[in-house]
Structures are given as structure tokens and as C-alpha cells.
Amino acid sequence: MSQDEKDSAASAPEPDSAASAATVVTATEPEPIKAIPLRRPGRWLAAAIILILLGLFLYGAATNPAYHWDTYRLYLRDSKIASGALVTLELTVLAMAIGVVLGVLLAVMRLSPNPVLRSVAWVYLWIFRGTPVYVQLVFWGLFPSLYKTITLGVPFGPTLANWNVQDFSAPFVFAVIGLGLNEAAYMAEIVRAGIGSVGDGQREASTALGMSWSQTMTRTVLPQAMRVIIPPTGNELISMLKTTSLVTAIPLTTDLYGRARDIYGINFQPIPLLLVAATWYLAITSVLMVGQFYLERYYSRGSSRKMTAKQLRALASMQRSGVEGQ
């Protein structure tokens with residue numbers, strides 16, 4: 001080998017060093033982009049105007065003697081108002097229980113292959129959704145005038161049972177019945193929508209396993225439909241709480257609004273008493289909204305690919321256990 005060839009070989013870079021240099025160049029990341037947020041002065045101006053108007057309203061309400069804040073503070077924790085709130089909760093729970101149970105039954109009837117069941121369910125929904133709930137409650141208030149007694153037995157035969165309607169605690173019982181039957185019509189459509197959200201493959205799989213139509217509904221379809229049924233049911237529960245104020249049509253005056261109305265009928269200060277009732281309604285509604293949030297989160301498990309913090313912690317724990325085992 002000549003002297004020139006030796007010099008050329010000595011000056012050529014080694015293969016390993018060239019590959020390392022290429023790796024260094026490739027691994028070099030670009031500098032992060034410094035994003036400057038777009039300025040939106042209109043939003044800040046609108047927010048400032050809204051806050052100013054809200055502050056002016058609150059200041060005006062606090063200094064306005066017509067609100068009678070002393071009366072408001074006096075009756076906010078009054079025992080009569082508290083007992084009225086308890087009656088309102090009882091009406092809400094009992095009426096919703098009737099509405100949910102009867103609504104599920106009506107929804108199943110509407111989806112039944114039996115034409116008689118479908119027709120009966122459709123007529124029920126047509127009547128109770130097509131007439132105002134206030135009119136229905138007025139009718140239930142007049143029910144004792146229409147029927148003095150209720151008799152159960154065989155036509156032109158023996159009597160099995162006989163009830164005297166006048167002996168009932170009429171206002172409360174008829175308020176629960178009126179609210180519950182009206183709510184059932186809306187719950188039926190909510191349940192029907194939830195059942196429709198379940199794929200046909202689930203029904204076909206149940207049929208292939210030898211299940212009947214009723215078993216398919218109760219064991220396969222309805223449990224999966226709960227994820228769609230729960231959110232609007234929570235809204236209906238909150239709406240039912242506020243709808244109980246209409247039981248004055250029966251008339252029933254032991255509920256929250258009825259108690260507040262009786263009090264301001266004596267002291268002639270309706271504004272502070274209405275504010276007291278609104279405060280109680282708002283407090284109960286807030287508690288129900290918190291319960292609705294956790295119930296929705298429970299039934300929505302598995303519907304999203306995003307893992308919760310608890311699931312991420314469990315996954316990390318499993319991975320650490322696997323590494324330690326190796």
C-alpha cells in the first residue's frame with residue numbers, strides 16, 4: 001500500500017463514530033413552541049359587565065326593605081316550614097316510586113308483541129301526557145265526590161272487598177296517586193328510549209340461549225339500558241320535587257309551598273316566605289343533584305375508554321407487582 005493510501009485510510013472516520021454522530025443528530029429534539037394565547041378582550045369585558053350587574057342586583061336586594069330579610073331569617077328554620085319540606089320529600093319519593101314501576105311496565109307493554117298491551121299503553125300515554133298535571137290533580141281532588149266507595153268483586157256476584165273513600169287520608173293519598181300516574185307516562189318514554197339503545201344482537205343472543213321475551217327484557221335488555229335511563233330519571237326526580245307545589249289543586253296544604261302560603265296569608269308578607277320556600281327547594285335539589293352525579297358515574301362505567309384515577313392506580317400497582325415478580 002502506498003503512502004497516499006495509508007494517509008487516506010487514517011483520515012477516514014471510523015464507522016462507529018459516524019453512526020454515533022448520526023444518532024446524536026437524530027435524537028436532537030426541536031425546541032418547544034412557545035404558544036401565545038389569543039387575546040379576547042370582548043370576553044373579559046362581558047364578564048366584567050355581568051359581575052357588575054350581579055353585584056348591583058345583590059346590593060339592591062340586600063338594602064331593599066321590601067324583601068323583609070328579618071322575616072326571611074325568622075322563618076328559614078321554622079318548624080312548620082321544616083315539616084312542610086318533609087311532606088314534600090315524602091310526596092316526591094312515593095310518587096316517583098309509582099312513576100318508575102308503572103313506567104317500566106308501560107314501556108314493556110309498548111314494546112310487547114301483543115297488540116292489546118300496546119294499545120292500552122299508548123292510550124294511557126296519550127291521556128296523561130296530553131292533559132296538564134294541574135287539571136289531573138284537580139280531578140283527583142274531586143275523586144271522593146265521584147266515588148263514595150270502591151267495591152271489588154264479581155259482576156252481579158259476591159263482593160270481595162269494599163273500601164270507603166271518605167275514610168282515606170284523601171289529600172295526601174290522592175296527591176301521591178295523581179303525581180305518580182302522571183309521572184309514569186313520562187318514565188315510560190324514558191325507559192322505552194333506554195331499551196331502544198340496546199343493540200338487537202343482545203336480544204338475538206338471549207333468544208339463542210333459549211330465553212323468553214320477558215326473560216330477555218328483565219335479564220339482558222333492562223340492565224344494559226340503565227346507563228341511558230338514569231340521567232333523565234334524575235332530572236324527572238328533581239322536576240317532581242318542584243311539581244309537588246301544585247298539590248294545592250287537590251287541595252293539600254301541608255307541603256312546603258302550602259306551609260309558606262299559609263304563613264304569608266297571616267302576616268301578609270309573601271316575598272320573604274316565598275324566598276324561604278325557594279331556599280328549601282334549592283337546598284333539596286342540590287342534594288339530589290349530587291346523588292344523581294354519583295349514580296350516573298356508577299352506571300356509566302365501561303362506556304368510556306378513558307380510565308379513572310382509581311383504575312390508573314390499580315393498573316400501576318399491577319405493573320409494579322409484575323416487575324417485582326420478575
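This is a predicted model: local features need pLDDT of at least 70, side-chain atom pairs count only at pLDDT 80 or more; totals for chains, interfaces and linings use all residues.
**Notebook: a salt-bridge network and a helix crossing**

Residues are numbered from 1 along each chain as its sequence is written, and side-chain values use heavy atoms, with hydrogens and water left out.

I then searched the whole structure for salt bridges and found 3, taking a salt bridge as a side-chain nitrogen of Lys or Arg within 4 Å of a carboxyl oxygen of Asp or Glu. One of them joins the side chains of R110 and E189, at 3.0 Å from N to O. Because E189 sits in helix α9 (residues 170-196) and R110 in helix α5 (residues 79-110), this pair ties together parts that are 79 residues apart in sequence; helices here are DSSP runs (H or I, at least four residues), numbered from the N terminus. E189 itself counts as buried, since its relative accessibility is 19%.

I next followed E189 to R129, where a salt bridge has its closest N and O atoms 3.7 Å apart. R129 belongs to helix α6 (residues 115-130) and E189 to helix α9, so the pair links parts 60 residues apart in sequence. At 43% relative accessibility, R129 counts as partly exposed.

I also checked R192, whose salt bridge with E189 has its closest N and O atoms 2.8 Å apart. Both residues lie in helix α9, 3 residues apart, which is about one turn of the helix, and R192 is partly exposed at a relative accessible area of 30%. Through shared partners, the salt bridges join R110, R129, E189 and R192 into one network.

Finally, I returned to α5 and looked at its packing against helix α13 (residues 270-299), where the angle is about 45° and the axes are 11 Å apart; axes are lines fitted to C-alpha atoms over the stretch in contact, and angles run from 0 to 180 degrees between N-to-C directions. That makes α5 oblique to α13, given that angles under 35 degrees count as roughly parallel, over 145 as roughly antiparallel, 65 to 115 as roughly perpendicular and the rest as oblique. I recorded the residues in contact (heavy atoms within 4.5 Å) as I81, A82, A85, T88 and L89 of α5 with V276, W280, Y281 and I284 of α13.

Notes: Helices (H or I, at least four residues) and strands (E, at least two) are DSSP runs, numbered from the N terminus. Buried means under 20% relative accessible area, exposed over 50%, partly exposed in between (1.4 Å probe, protein chains only).
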